[in-house]
Amino acid sequence: MPIPVRDGVTLSARIWRPVDSQQRPVPAILEFIPYRHRDMTARRDSIHHPYLAGHGYACVRVDLRGSGGSDGVLTDEYLEEELLDAEDVLAWLRGQQWCTGRLGMMGISWGGFNALQVAARRPRGLDAIVTVCSTDDRYADDVHYMGGCLLSDNLSWAATMFAYNACPPDPAVVGDRWRDMWHSRLRRSGLWLEEWLIHQRRDDYWRHGSICEDYAAVRCPVFAVSGWADGYSNSVFRLLEHLEVPRKGLIGPWAHTLPHLGEPGPAIGFLQELVRWWDRWLKDVDNGVMDSPMLRIWMQEPVPPRTAYDERPGRWAGEARWPSPRVHLAGHPLGRGRIGRPGEAIASEDLPIQSPLSVGQYAGKWCSYNAPPDLPYDQREEDGGSLTFDSDPFPGEVEILGAPRVVLDVASSRPVAMIAARLSDVAPDGRATRISYGLLNLTHRDGHETPRALVPGEYYTVAIDLNGMAQLLSPGHRLRVAVSTSYWPLAWPPPEPVRLTVRTGGSRLLLPMRQGAAVSEPPMRPFGEPEGAEPIAVTEVVPGDERWTVTRDLVSYESALEVVKDQGVVRFDDIGLDVTRRAFERYSWVGNDVGSVCGRTQWTMGFRRGDWQASATTRIRLTSTPTRFDLHAELDAYEADTRVYSHNWNRTVERDHL
């Protein structure tokens, strides 16, 4: 279906609705994302949208302007233009004969972001949303920056959209104008990474679309969902704490995926949960959906460190509200090599640390995109280059729920420095599984809006907020805090080698300890088994490949992390379309030379049906000096074997306290 918006642009939509909805109107649920409903998300969409339609809803999956079969050009995330388009689509839905005028929005990642953002604009008829794997804070808690540190996922995500924006529309949908539409996208979509690098501090660019700027703007019920292996679990806690509307939170063991497809498992009957949510808020069914705990979490149990898990052991637990009165912060002082007991006096002592660049090689991804092996490996590989503090073995079971914090009295040898703080569960045999971590650019110690250089040798008290977690600690296990001066390639290192000195006596670990561990208040209803509609048929034409390889040359001292995410060639049987998608990432460095750090990406996207064949190859290289980032990118587009478009970018962005 084409859907017109206010400036004459037409957006491409796919709609599933009950066969009698023309006579018996139903509420409509919108998912609004740029990932091509006709092919890239078609199989995923075919599982949940028809399922919800079968339960009495019109499910509407729309490609953003400039993506898939929609007109226009997409030039960045969450632009005002995108949010206006969403409002226009909602107004169009409200006017359809098969719609009651009651509306919802849902989505994972991008669709979860704009569901929150549109909710804050309060368009008429939007009665509830479901936001999965998203954030309320685009600067402090997104793929771009963490604690004021530049994430390497900023590069990999920019590379992803660079490739997607180079994809052609399908001639079977848009006809002969496909080539003009394609070339307009190739010429005008731009290199988003440059824009994201320019904005290195929290400014109006990031405030736009960050609903944390005004939580009260959201007036409709919110169901917020994430997973512990996802990059966006923190926002669930904040939304529950700060929103003033009916709200629910759910965090499972999953990566960046929908819970009925959840990996690591166990997956749950998430679509049944959605039906109950939508029935309550779009049909006014008094079904008790709000009677369950406000926050439902998977309390994870200890596991050996691995880069991928089929399932994470644990159990479901619930809290009636968040923040929970059953969770309290316990302060543990840090001394040489140890985590003290609450209230224990620790002598003041200066402990230096200057980490090798190799610390971070086994960190995994900032966000697990359900493409294992991308989870952190045994932290003993990292701890040798870190300053570590261990607790005594736990005499009994202990539960942690919420965000730990590491407070340090610290001095730096350079004006720009960073701290990576990791919290690990250490088994009796010594294996260390990372259970949380946090980053802080020390020039952002007083906030992300106005960073200030450090005075070398001067001591500062800084707080590093670690990611929220739910973790059971078993008897005989210990906690370990590890502090390092770099965490590459998860985060870009400081411009110069840095030596930090941590002063004990005032430094401490704050742990959110949960009491009444065996009780959920109110009681939790068990989740059902995963359900869904039968997915559309696809054929594997060429098998894919996934690799995660760490290398170190002991002659040249060059090290690298190489990631291959190759989906092979997949045929979408219903439309006779073959799609190729391959991504390669390489993060390299030489010895401890921060000037040698380099991130490279290469993507290939291809589409073929009969005699029609179009493809694009994109490449990005990011390097740095002490004063700037150097960015080079290439885009080549082909019809069959003929190159029809080519463009190179060479950009320089000055470092801003980073």
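Predicted model: local features only at pLDDT ≥ 70, side-chain atom pairs only at ≥ 80, totals over all residues.
Local features are given only at pLDDT of at least 70 and side-chain atom pairs only at pLDDT 80 or more, whereas totals for chains, interfaces and linings use all residues. Residues are numbered from 1 along each chain as its sequence is written, and side-chain values use heavy atoms, with hydrogens and water left out.

**Helix α6**

Helices (DSSP runs of H or I, at least four residues) and strands (runs of E, at least two) are numbered from the N terminus. In α6, which covers residues 178–188, the buried residues are W178, M181, W182, H183, S184, R185 and L186. Buried denotes under 20% relative accessible area, exposed over 50%, and partly exposed in between, for a 1.4 Å probe and protein chains only. The buried residues of α6 pack against α5 (171–174) and against the strands β30 (612–624), β31 (628–639) and β32 (642–654). Just after α6, G190 has a positive phi of about 85 degrees.

**Two loop residues**

D170 is placed in the loop between α4 (152–164) and α5, and G69 in the loop between β4 (58–63) and α2 (80–94). The table gives the relative accessible area of each residue and its contacts (heavy atoms within 4.5 Å), leaving aside neighbours within four places in sequence.

| Residue | Relative accessible area | Contacts |
|---|---|---|
| D170 | 5% | R38, G175, I575, L577, R609 |
| G69 | 15% | S12, D63, V174, M181, R185 |

D170 counts as buried because its relative accessibility is 5%. A polar atom of the D170 side chain lies 2.9 Å from the backbone nitrogen of A172.

**The largest cavity**

A search of the whole structure finds ten cavities of 30 Å³ or more. A cavity is a set of points on a 1 Å grid over the protein atoms alone, where a 1.4 Å probe fits but cannot get out; lining residues have an atom within 4 Å of a point. The largest cavity holds about 480 Å³ of space. It is lined by 30 residues, of which W228, A229, P376, R434 and I435 are the closest to its centre. Strands β20 (432–441) and β22 (469–473) each supply at least two lining residues, and β20 gives the largest share, five residues.

Note on methods. Polar contact = N/O pair within 3.5 Å; in protein donor to acceptor, adjacent residues only side chain to side chain. 1 Å grid on protein atoms, 1.4 Å probe; cavity = no way out; pocket = protein on both sides within 12 Å on 5 of 7 lines; lining within 4 Å. Points joined across faces, edges and corners; volume = space filled by probe spheres on them.
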